[in-house]
Amino acid sequence: MSGQRVIALLGRPDAPTDAVEEYCRYLGDALLAEDFELIIERVDWNQTGWNGALNALRRQAEEWRGAWVLVQYTALAWSARGFPLRFPRFLKSLKAAGAHVGVVFHDIEPFSGTRVIDGLRRRVQLHVMRKSLRLSDTTVFTVPIERVSWTKHEPGKGRFIPVGANLPTSSEASSRKGISTGGKLSVAVFSITGGEAGQGEIENIVEAVRFAASRIGNLRLIVFGRNAQSAEAELTNRFRDSPVELHVLGVLPGEDVVRSLSVSDVLLFVRGPISTRRGSAIAGIACGLPVIAFKGSETAAPITEAGLAFFSPQRKGDLGNVLLRVLEDEHYRTSLAQRSLLAQRQYFSWRVIAASYAEFLGRQR
């Protein structure tokens with residue numbers, strides 16, 4: 001490779017898929033066109049222990065003098081229980097070695113929760129994120145900075161770059177014309193949250209899809225991604241007496257995710273408020289789908305320029321009503337799909353994202 005070297009530094013891997021590593025791989029592919037070579041490295045603290053990992057990083061960082069090191073932050077990548085107190089030590093070691101340090105915040109806010117331990121964890125995470133902001137040469141936020149609650153007194157250190165879809169969408173969401181769906185309208189759900197939150201999501205999905213099916217007849221529901229298979233038994237039982245054709249596919253390779261979205265007519269996103277860091281929602285946008293979602297504190301442009309149909313979680317039955325409108329009104333559905341395609345080209349393609357990175361990475365040439 002002849003391009004300028006950039007290091008993407010990750011903590012412990014996630015399972016069964018690691019969205020942050022996938023993000024770095026797609027970003028690296030796109031950065032080649034900007035004459036940068038992105039190299040992925042890991043701090044293997046969960047295998048070697050913290051002291052061993054820190055010593056190994058110090059030795060390795062000697063080769064990174066003058067290079068950009070983009071450290072990928074999620075709380076659980078740098079701590080088993082979300083207390084990433086050691087994270088700033090790694091940033092200091094990189095700075096001492098002469099690297100240019102950037103922190104990419106994939107976790108934008110501290111974890112929520114009402115228990116005493118949740119409050120302590122939240123204070124620790126805020127302390128670590130603020131300290132990381134001060135230590136770094138630059139930071140990347142995956143939502144607009146004005147939507148980040150804890151950066152108000154640290155102006156000028158961050159930049160906003162949305163995430164892209166971790167999918168092989170080089171054709172930029174090719175047309176779905178000619179794809180046979182048997183005459184049925186299809187609803188896609190990409191990933192379900194685990195635990196109690198996931199139960200609430202399943203309830204919302206079932207209620208909305210059953211309502212829409214009662215009005216327009218047969219529907220196909222395609223559920224895939226994280227925790228899809230663990231929800232299969234309940235979904236099968238809940239749709240047993242309905243005209244809904246259920247397909248539960250589990251975790252899929254990227255090509256199969258694109259294929260599943262390409263035969264769908266709408267994506268339901270109920271895993272939390274939609275924003276520019278929600279990769280599973282942006283996957284629908286990348287594949288040219290209308291996305292039904294709800295707003296939150298992070299919901300702002302440019303995600304709002306995509307083909308979004310909003311529902312209110314506080315209004316009983318609203319998700320079903322919005323889903324029914326999107327499915328019944330072909331003109332409305334098509335206009336939303338076109339907006340998603342345009343937003344993908346303008347804001348969420350890896351080409352555009354890589355160009356935003358290249359803008360500041362190139363200043364150190």
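**Figure 1. Length and buried residues of helix 5 in the predicted model.** Helix 5 covers residues 116-135 and has 20 residues. At 1.5 Å a residue, helix 5 should span 28 Å; the C-alpha atoms at its ends are 29 Å apart, which agrees. Asp118, Gly119, Arg121, Val124 and Gln125 are among the buried residues of helix 5. Leu126, Val128, Met129, Ser132 and Leu133 are also buried. An α-helix has 3.6 residues a turn, so residues three or four places apart point the same way.

**Figure 2. Surroundings of serine 132.** Serine 132 is part of helix 5. Its relative accessible area is 1%, and because buried means under 20%, serine 132 counts as buried. Leaving aside residues up to four places away in sequence, serine 132 touches Phe87, Pro88, Leu91, Val103 and Phe105. The C-alpha atom of serine 132 is separated by 9.5 Å from that of arginine 89, and the two residues are 43 residues apart along the chain.

**Figure 3. Packing of helix 8.** Helix 8 comprises residues 254-262. Its buried residues are Val257, Val258, Ser260, Leu261 and Ser262. Strand 7 (185-190), strand 8 (219-224), strand 9 (244-250) and strand 10 (266-268) pack against the buried residues of helix 8, as does helix 9 (279-286).

**Figure 4. Contact of helix 10 with helix 11.** The axes of helix 10 (residues 318-328) and helix 11 are 5 Å apart and meet at an angle of about 95°. Angles of 65 to 115 degrees count as roughly perpendicular, and helix 10 and helix 11 are therefore roughly perpendicular to each other. Helix 10 contributes Arg325, Val326, Leu327 and Glu328 to the contact, and helix 11 contributes Glu330, Tyr332, Arg333 and Leu336. By class, this contact of helix 10 with helix 11 has 4 nonpolar and 4 charged residues, with no polar ones.

**Figure 5. Contact of helix 11 with helix 12.** Helix 11 (residues 330-348) packs on helix 12 (residues 350-361) at an angle of about 20°, and their axes are 6 Å apart. Because angles under 35 degrees count as roughly parallel, helix 11 is roughly parallel to helix 12. On the helix 11 side the contact involves Arg345, Gln346, Tyr347 and Phe348. These meet Trp350, Arg351, Val352 and Ile353 in helix 12. By class, the contact of helix 11 with helix 12 has 5 nonpolar, 1 polar and 2 charged residues.

Figure 6. Most residues other than glycine have a negative phi, and most peptide bonds are trans. Alanine 15 and proline 16 are joined by a cis peptide bond with omega of about 5°. Proline 16 sits in the loop between strand 1 (4-10) and helix 1 (19-31). Another cis peptide bond runs from alanine 301 to proline 302, with omega near 10°. The loop that holds proline 302 lies between strand 11 (291-293) and strand 12 (308-310).

Figure 7. Aspartate 35, a residue other than glycine, has a positive phi near 70°. This aspartate 35 lies in the loop between helix 1 and strand 2 (36-42). With a relative accessible area of 37%, aspartate 35 is partly exposed. Serine 191 also has a positive phi, near 80°. The loop between strand 7 and helix 6 (195-216) contains serine 191. Serine 191 is buried, its relative accessible area being 8%.

Figure 8. The protein has 12 helices and 12 strands. Its C-alpha atoms fill a box of roughly 65 × 50 × 35 Å along the principal axes. A compact globule of 365 residues would have a radius of gyration near 21 Å, and the protein has 21 Å, which agrees. Of the 365 residues, 51% count as buried. Among contacts between residues at least 6 apart in sequence, 74% join residues at least 24 apart.

Note on methods: Residues numbered from 1 in each chain as written. Predicted model: local features only at pLDDT ≥ 70, side-chain atom pairs only at ≥ 80, totals over all residues. Heavy atoms only, no water. Axes fitted to C-alpha atoms, helices over the stretch in contact; angles between N-to-C directions. Helix = DSSP H or I, 4+ residues; strand = E, 2+ residues; numbered from the N terminus. Parallel < 35°, antiparallel > 145°, perpendicular 65-115°, else oblique. Contact = heavy atoms within 4.5 Å. Nonpolar A, V, L, I, M, F, W, Y, C, P; charged D, E, K, R; others polar. Expected span 1.5 Å × (residues − 1). Buried < 20%, exposed > 50% of the residue type's maximum accessible area, 1.4 Å probe, protein only. Rg over C-alpha atoms; globule rule 2.2 N^0.38 Å.
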